[in-house]
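Reader: Please take one part of this model and look at it closely, strand pairing to begin with. Then carry on to the packing and the chain contact.

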Amino acid sequence: MPEGSRPWHEPRVGLRSRVALSVTGVSFVLSVVVSLTVFAVANQVLLDAREEAASLRTLKNASVVLSTRDISESNPGDVLTALSNLSDTSNPAVIWDGGANSQSLNSNFTADDLPAQLRDRALLDEEAGIMRYQTDGHTQVAVAVPIPNQRAAYFEVTPLDDIADAMSSIRLALAGAVVVSTLLAALLGSWASRYTIRPLTRVSTAAQSVALGNLDTRINYEEYRHDPDLAPLVENFNDMVQALQQRINRDARFASDVSHELRSPLTTLNAGLQVLDNNRSEMPERAQQALDLLASDVDRFTQLVEDLLEISRFDAGAVRLELDDVALVPMIRNTVGSLSRHEVPVVAEPGTEDLVIACDRRRLARILVNFCNNADKYADGATHISVSLHNPDGDDPLAEPTVRIGVEDAGPGVPPDMREEVFDRFNRGDQGGARGADIGVGLGLALVAEHARIQGGRVWVEDRVDGGSGARFVVELPVLQVRSGEPEEDLSLASPESTGNLTLTGEHRALPPLGTTGAAEDS
Amino acid sequence: MSTTILTVEDDERIRTSVRLALEDEGWQVVESETGEDAIARFPTSNADVVLIDIMLPGIDGFEVCRSIRRESDVPIVMVTARADTHDVVAGLEAGADDYLTKPFVPKELSARIRAMLRRARTPPPGNPHLTFGELEVVPQEGEVLRNGEPVHLTKTEFKLLVELASQPGTVLSREDLLDRVWGHGVFGDGRLVDVHIRRLRTKIEPDPANPTHVATVRGLGYKLQG
């Protein structure tokens with residue numbers, strides 16, 4: 001899908017966060033609703049209970065007052081005495097007839113403090129009443145009991161401040177519960193989402209592993225077999241990798257099989273050509289020309305088959321690395337010296353003359369020879385070979401010291417935009433179209449790259465160190481020491497297994513990718 | 001008497017073309033299509049060199065090699081399908097002196113054969129008598145004595161020992177030895193040297209696992225000492 005056609009509101013939050021947020025949100029709303037309900041109910045229940053208690057007590061007190069005497073004729077003092085004799089009249093109470101005749105239990109409490117509606121109903125309608133009201137921010141409940149035939153009423157007020165206190169405690173507790181349950185929900189949601197998404201993480205990890213070349217990677221189907229949601233996902237993923245692996249293996253095997261099948265006829269061709277060449281002098285000139293053409297192409301064909309076999313071994317992952325202690329500089333001198341062409345000086349920079357590294361001797365020789373062949377083909381041969389030691393920068397603790405072998409020539413050089421391509425298969429540089437007899441088949445540098453990579457090294461091409469015209473092909477190898485010990489120690493041949501061979505079958509794809517990018521600036 | 005080469009190869013085309021190429025070198029060629037036939041034919045063939053393809057119907061090249069090696073020191077070249085596998089080491093362990101990978105060029109093959117014939121025929125020049133502790137090497141006689149007792153070495157093992165003995169105490173690299181003993185070029189296989197050194201040690205060292213005469217010099221090669 002093209003970038004532009006995506007809806008602008010596409011979620012930017014990850015699936016896990018979304019699941020966790022949803023769980024948290026729902027939990028928050030639920031706990032708030034529950035808390036509000038609990039609060040309201042508790043409030044109501046408490047108030048109702050208190051009002052009922054207040055009215056019962058007021059009625060009781062009123063009956064005591066009534067039984068005492070007739071208030072209109074009595075001495076206010078008696079009433080007061082009667083009132084003060086009541087069992088629990090700590091509450092403000094008053095007997096009032098609607099006029100001046102008012103007897104208050106608390107000196108600072110008068111009938112004026114009562115709500116007018118309650119007063120009127122008790123005195124005018126002679127109806128008992130109960131009313132909740134607020135004064136100065138305090139909630140209280142007033143109960144009125146009319147005194148029959150007296151046109152007076154007994155009022156008692158019960159403060160509800162303690163209920164308000166209790167309710168505020170409950171409110172606090174409920175708010176705390178909301179916070180705690182929301183936090184718990186967030187934790188739960190995050191855990192649940194991680195748990196839910198774990199199979200996806202597994203698939204992702206597995207896919208990454210496959211991408212790195214571990215085609216044997218599978219997700220354990222048994223684990224998810226009983227899960228109707230995940231089983232198809234896992235099964236399809238495994239099927240996909242299986243199909244991919246089969247296809248890759250088939251391709252690799254095909255290249256290898258083809259090359260193998262070409263070995264026998266090529267052996268016959270070579271031998272037959274040799275016989276023809278031995279009898280060359282008896283041939284007419286035209287036949288000799290044809291023979292030369294044939295010989296040259298059979299040579300190329302042979303080299304191509306050998307290179308294809310070599311590279312198909314890399315592709316099939318059937319590469320056997322044979323690490324050996326190699327005295328680098330003598331080895332390079334030997335190898336380059338034995339190539340029958342003009343002498344190529346080997347410049348050993350400080351610290352490299354006596355350097356012994358663990359590497360695959362045959363592969364290193366192949367790299368050097370291919371570099372030299374390449375220089376022969378395109379640049380009249382190598383001018384010199386330099387060997388230098390590079391210690392890692394201090395800021396990368398994982399970096400190991402490396403050794404660089406640079407093969408320089410004085411040819412046209414490699415333009416910057418071609419410096420990665422030259423290591424591609426069947427890339428033949430500018431001469432790609434012209435298949436002259438001296439042009440190789442284009443696998444040489446690709447093989448060099450593979451040979452270096454399998455040993456944990458890399459190759460690249462850069463400008464000559466002196467800035468002159470020409471190219472510098474570099475192979476960088478780690479300075480590994482598989483064995484340590486005395487120089488005279490014999491370790492290599494006590495048994496076939498102790499030769500330091502390292503089998504990397506099927507693992508080499510996991511090595512870091514070939515470092516040809518931007519290599520020119522880090523020298 | 002001309003040189004005779006026994007070739008064991010099941011592919012008729014290769015067998016014929018290789019025969020033609022070898023005959024052009026002036027050598028006689030005896031052909032075998034199977035391992036069984038080669039083993040039966042070898043005692044009467046007067047072969048100076050045997051060329052064995054590893055992949056054979058019936059008994060394989062390794063077995064043919066072992067069988068011939070049991071009765072003769074004749075130089076044996078194995079032909080393998082690939083250089084990268086255990087085939088090479090297994091072939092050398094079976095007693096082969098050298099190996100070639102298909103597709104090979106006949107010139108390479110004849111160069112190897114010539115190097116082997118040189119080894120087999122000419123006693124190397126040099127000191128007539130070399131002594132390394134209990135070990136005595138008499139190049140002229142083609143003889144090696146240990147505590148006065150003759151030690152039986154193949155031609156290749158003997159040549160290897162003589163090359164080491166000719167410069168006692170000097171380190172010879174694998175490449176040097178490949179060049180001097182086998183006549184190989186730059187891609188000569190170090191395993192060839194290693195396997196033969198190992199075999200040599202089992203014959204001349206008092207304790208092959210802790211060699212005292214043929215010493216490995218880490219990263220450089222081998223040297224012979226007293």
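Author: Two strands pair if DSSP finds at least two bridges between them. Strands (E, at least two residues) and helices (H or I, at least four) are DSSP runs, numbered from the N terminus. The model is predicted: local features need pLDDT of at least 70, side-chain atom pairs count only at pLDDT 80 or more, and totals for chains, interfaces and linings use all residues. Residues are numbered from 1 along each chain as its sequence is written, while chains are lettered from A and ligands numbered from 1 in the order in which they are written.

Start with strand E10 of chain A, residues 402–409. Seven of its eight residues are buried, meaning that 20 or more other C-beta atoms, placed from the backbone, lie within 10 Å of the residue's own. E10(A) pairs with strand E9 (residues 382–390) of chain A, antiparallel, over eight bridges. There A:Glu408 is the bridge partner of A:His384. E10(A) is also joined to strand E12 (residues 471–478) of chain A by seven bridges, again antiparallel. A:Thr402 has A:Pro478 in E12(A) as its bridge partner.

Now chain B. Four strands make an open antiparallel sheet there, in the order E6-E7-E8-E9. Strands E6 (130–132) and E9 (149–150) of chain B are the edges, each pairing on one side only. Three bridges join E6(B) to E7(B), residues 135–138. B:Thr131 stands opposite B:Glu136 in E7(B). Helix H6 (residues 155–166) of chain B packs on this sheet and touches E6, E7 and E8 (143–146) of chain B. Touching rests on contact: C-beta atoms, placed from the backbone, within 7 Å.

Helices pack on each other too. The axes of H4(B), residues 86–93, and H8(B) come within 10 Å and cross at roughly 35 degrees. Axes are lines fitted to C-alpha atoms, for helices over the stretch in contact; angles run from 0 to 180 degrees between N-to-C directions. From H4(B), B:Val88, B:Val89, B:Leu92 and B:Glu93 meet B:Arg191, B:Leu192 and B:Val195 in H8(B).

H8(B), residues 190–204, is also among the elements that give two or more residues to the side of chain B that touches chain A. The others are H1 (12–24), H5 (106–121) and strand E11 (214–217) of chain B. H1(B) gives the most, with seven residues. Overall, 35 residues of chain B are in contact with 40 residues of chain A.

Terms used
Two residues are in contact if their C-beta atoms, placed from the backbone, lie within 7 Å. A residue is buried if 20 or more other C-beta atoms lie within 10 Å of its own, exposed if 12 or fewer, and partly exposed in between; C-beta atoms are placed from the backbone.
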